Amino acid sequence: HAMYQSKLLGKHRTQLYSPDSDLRIIEKNIQLDEIGQALRKSEFQLYYQPKVNMLTGEVFGAEALIRWINPERGLIPPLNFLPIVADTPLEINIGEFVINQALQQLDDWQKQGINLEVSVNISSNHLLSSSFILQLGQSLAEHPLVPPKNLQLEVLESSALGDINTINTIIATCQNELGVNFSLDDFGTGYSSLTHLRSLPVDTIKIDQSFVRDMLDDASDFSIIDGVIALSKSFDRDVIAEGVESTSHGLMLLHMGCTKAQGYKIAEPMPPTYFKTWLNSYIPNKTWLHFAATHYSHKENSLEILKIINKRWQTKFKEAVLSSHSNSDSWPILNCQLCHCNSWINKKRQERLFKKKSIKRLMQVHDKTHILANTIKHKYQSGNIESARALLTQLDLLFKEMHTATVLCE
């Protein structure tokens, strides 16, 4: 066993036999066998999470997400089994299952008069397999009613690092000869985002949910998303954000120029039996539609973003003070040099979009707000909770003052 491990790791090396390693290999083989049996017994099912155009309210597609429905253990999430099959033949088998199931679902929806795009996740191991293009072509041929453009293949950015030139060729062939679409998933989490954006002929860039989730609180995540949206437009790529969990998340994305989204605020992933019912009863978000009906200048757009930032900060701070047990994650950023608002002020000062006098006034109120907020937090953590809560009225007045300063910027 040690000899074979040495060969696999590149030869000309020393490798010690490890009983623990042997046990891990045995355990993995047992898990792979169990997953393989589950595939043969049809225990896997695709759930679908809707994708919407926030400007129009249109549901234009869904992402297919695999779930394992085990008769004994119930629903098993993908993170509990997909890493086990990575870089094994079983990974390709599961990938083919997902494509075929998605195409069958598209076929069923076409017959019901539902015309949607469905995206499926494809591993680089599957994409680079010698039979990928042939198998995909055969699967599409079995569903002639399904427009090939309605199938979108999502490639993880991190997985595209392996052989970018070969993957480039495969993607272009699938697009030109088979007519399917491609998206680059989890964009920004890999190591060569610009290389991928320039080299891979994908149709869509998907902003990773890890950035979207904290964009209202973290100026760095906001900046990353802002940059991804700008790059997508520069390279003429469509862009969609995943992880939209609130109306404010969606509204912020709209102000930033991203109109397509998916996430729990819209809907959770659901079995296909529920999807049609959800689709028929879906009510577009009124706040997002109102944005579509309103024209914003560049200056007004910037101020709306600031209002969202400040409202989020104020709400989070008050919730922490009014909570019976706040932890470190409950509080917004209290360092006035690191907070989202200060980042906005510095950026607008560089852009010279507003008068210096207006920005200076906004900075003064911003600093006063942070001084009072730190005082309140100190009282709260010292056990003077009622005293801390009594100061929230003064904090509200400062936020009204900040709002006035924002209005003066206009």
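Q: What is the relative accessible area of Lys347?
A: Lys347 is partly exposed (buried is under 20% relative accessible area, exposed over 50%, partly exposed in between; 1.4 Å probe, protein chains only). The model is predicted, with local features requiring pLDDT of at least 70 and side-chain atom pairs pLDDT 80 or more, while totals for chains, interfaces and linings use all residues. Residues are numbered from 1 along each chain, and side-chain values use heavy atoms, without hydrogens or water. For Lys347 the relative accessible area is 34%.

Q: Which residue meets Lys347 in a salt bridge?
A: A salt bridge places a side-chain nitrogen of Lys or Arg within 4 Å of a carboxyl oxygen of Asp or Glu. The N to O distance for Lys347 and its partner is 3.0 Å. The two lie 121 residues apart, Lys347 in helix H15 (residues 340-351) and the partner in helix H10 (helices of at least four residues and strands of at least two are DSSP runs). The partner is Asp226.

Q: Which residues join Glu154 in one salt-bridge network?
A: Glu154 in strand E5 and Lys206 in strand E7 are 52 residues apart, yet their side chains meet at 2.9 Å, N to O. Glu154 counts as buried at 1% relative accessibility, and Lys206 is buried at 1% as well. Through shared partners, Glu154 is joined with Lys206 and Glu63.

Q: Where does Arg312 lie?
A: The side chain of Arg312 meets that of Asp217 in a salt bridge of 2.9 Å, N to O. Asp217 lies in the loop between H9 and H10, so the pair ties together parts 95 residues apart in sequence. Arg312 lies in helix H14.
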